[in-house]
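Let's take a friendly walk through one protein model. Have a look at the picture first, and then we will go through its parts together.

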Amino acid sequence: MSTVNSSVRELELDALNRIAAVAAETTDFNDAVPRVLQILGDTLGMRYATLALVNSETGVVSIDFGHGLSDEQVRRGHYTMGEGVVGRVAATGTAAIIPSIAAEPAFLNKTGIRSGDASFICVPVILGREILGTLSVDGECRPAEALEEDARFLGVVAAMLAQASKTRLLMKDKEEKLQSENERLRIELRSHRGPRNLIGKSREMQIVFDQIAQVADSSSTVLIHGETGTGKELVAQALHYNGSRADGPFVRVNCAALPETLIESELFGHEKGAFTGAVAARKGRFEQADGGTIFLDEIGDISPLMQVKLLRVLQEREFERVGGSKTLQVDVRVVAATHRDLYAMVRQGTFRGDLYYRINVFPITLLPLRQRPGDLPLLADHFLKKYAESAGKDIHSFSPEVLDMLLKHAWPGNVRELENCVEHAVILAPGPVIMPEHLPAALRYGGAAAETAAPIDLDYKTMVEEFERGVLTQALRETNGNLTRAAALLRTTPRVVSYRVRQLNIDVTHFGGL
């Protein structure tokens with residue numbers, strides 16, 4: 001195609017007739033475009049041909065179809081508006097004819113298909129005044145005159161593809177909006193499935209929410225693993241109240257808090273006169289939970305004898321009250337929880353293997369707070385709103401220093417410790433912002449510092465100074481930096497306050513004082 005002659009015209013005309021035939025045969029863009037690009041490659045003797053379309057919202061030009069390209073190479077073909085040759089053609093609407101890509105610095109080879117020199121032609125796909133994308137071909141190096149003729153023909157094909165490309169973009173836009181809406185609804189639905197007080201946006205907590213959604217409607221036994229204070233009971237409540245048993249009772253049993261002599265009676269009930277003090281028959285927790293859920297917290301603490309009796313209940317859903325002979329049957333969903341490594345206990349012989357496998361049908365693991373720090377600000381804000389509202393205080397935020405201290409703390413007590421910390425701070429804070437001096441002393445002085453933080457070594461003098469600085473800072477904040485009023489508030493003299501402010505390097509102007 002280096003010389004304009006009748007044979008070339010005939011070849012082009014034949015190609016256009018073939019393209020028109022493809023358009024007549026199918027309205028499926030995904031089927032038609034690859035066939036059109038194949039015809040282009042054959043007609044122009046080019047190795048590669050691509051159609052790239054413009055995303056009207058992002059301005060990114062992306063290859064939609066590529067003749068001679070692998071799927072991975074097509075995925076690499078993304079250009080911002082004006083970037084490289086393709087981006088420039090999409091931005092200006094002007095065709096680009098490059099006899100040698102080796103001599104063209106604007107040619108980026110993002111797809112990675114070109115290993116040597118080649119000629120490249122790129123024309124805009126335009127409908128009315130709207131630039132929809134680009135159509136390009138490339139192959140062996142050719143003279144500029146021949147490439148100009150090829151570009152003319154390529155422009156005709158681009159015009160034939162314009163209306164279909166517009167339809168394609170509209171469909172993609174609808175698909176993307178539909179996917180976005182589906183994702184929004186999925187997230188919203190998942191948030192509704194989580195209990196009101198089970199909070200977290202981390203990947204780890206999203207996994208927990210998904211697991212709750214998967215097993216909530218089931219009657220399968222669930223075992224919740226997690227350190228003390230991670231919210232195991234909240235997960236158990238979520239399983240109950242988001243499942244088919246939500247209208248039934250939710251009964252909690254703290255196995256660790258019950259003495260060995262009482263746990264059997266507590267779980268299974270007793271008959272009148274079964275033991276000293278049993279003046280009347282009493283239903284056990286399993287009977288109370290009939291039709292609902294029983295939550296066996298700290299199940300790893302029950303004795304070997306109780307493990308045997310509990311295994312029977314889990315297998316047969318039947319038992320006898322203490323001192324009774326009548327076999328009772330219940331319809332109960334069992335959710336157990338522990339902070340112990342039950343599998344290790346099984347290997348050590350302190351926990352029955354058959355019971356372990358009976359309760360470990362569907363395990364859910366709650367990671368400690370220190371392993372999901374991304375949830376900490378969200379949890380802290382939740383507790384701040386909760387206790388500020390309860391106390392009738394207008395407290396709405398944490399200072400940057402406080403947030404830093406919260407993030408550096410290791411939280412051995414997990415979410416429960418964080419909640420207590422925020423409640424403590426709300427009690428002390430007089431203004432709208434939680435400051436360092438409002439936090440518990442153990443946290444302010446580096447107690448349980450995070451493993452990643454540098455160790456804190458405070459001597460007695462430093463600790464006293466830190467405490468005094470907190471007291472003075474609070475007094476100055478409440479009096480807008482007025483030393484006399486701060487002294488009266490602290491029941492001392494302005495001279496003492498002024499002296500200690502200078503000694504502790506407290507900037508009074510920060511509070512409005514001089």
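Two residues are said to be in contact when they have heavy atoms within 4.5 Å of each other. Keep that cut-off in mind, and remember that this is a predicted model.

Leu 376, Leu 379, Ala 380, Phe 383, Leu 384, Lys 386, Tyr 387, Ala 388 and Ala 391 of α13 meet Val 415, Leu 418, Glu 419, Val 422, Glu 423 and Val 426 of α15. Sorted by class, this contact holds 12 nonpolar, no polar and three charged residues. Helix α13 covers residues 376-391 and helix α15 covers residues 414-428; their axes come within 9 Å and cross at roughly 45°. That angle makes α13 oblique to α15. The crossing of the two helices is right-handed.

Now turn to the sheet. It is an open sheet of six strands in the order β3-β2-β1-β6-β5-β4, with antiparallel pairing. At the edges are β3 (78-80) and β4 (96-98), each of which pairs on one side only. From one strand to the next, the twist averages 20°. As a general point, strands of a sheet pair through backbone hydrogen bonds.

| Helix | Strands touched | Direction |
|---|---|---|
| α2 (residues 29-44) | β1, β2 (60-67) and β6 | about 70° with β2 |
| α4 (residues 84-92) | β1, β2, β3, β4, β5 (119-127) and β6 | about 30° with β5 |

Six bridges join β1 (residues 48-54) to β6 (residues 130-139), and the two run antiparallel. Six bridges also join β1 to β2, again antiparallel. Ala 52 shows both pairings: it stands opposite Thr 134 in β6, while its bridge partner in β2 is Ile 63. Thr 50, for its part, stands opposite Ser 136 in β6. Strands β1 and β2 form a hairpin with five residues between them, and Gly 59 in the turn has a positive phi of about 75°.

Is β1 buried or exposed? Seven of its seven residues are buried, so β1 is largely enclosed by the rest of the structure. Both faces are covered: Tyr 48, Thr 50, Ala 52 and Val 54 lie on one side, with Ala 49, Leu 51 and Leu 53 on the other.

Finally, visit Gln 237 in helix α7 (residues 232-241). Gln 237 counts as partly exposed because its relative accessibility is 24%. Its C-alpha atom is separated by 64 Å from that of Ala 20, 217 residues apart along the chain.

Methods
Residues numbered from 1 in each chain as written. Predicted model: local features only at pLDDT ≥ 70, side-chain atom pairs only at ≥ 80, totals over all residues. Heavy atoms only, no water. Pairing = 2+ DSSP bridges. Helix = DSSP H or I, 4+ residues; strand = E, 2+ residues; numbered from the N terminus. Axes fitted to C-alpha atoms, helices over the stretch in contact; angles between N-to-C directions. Parallel < 35°, antiparallel > 145°, perpendicular 65-115°, else oblique. Left-handed = near helix turned anticlockwise from the far one by under 90°. Nonpolar A, V, L, I, M, F, W, Y, C, P; charged D, E, K, R; others polar. Buried < 20%, exposed > 50% of the residue type's maximum accessible area, 1.4 Å probe, protein only.
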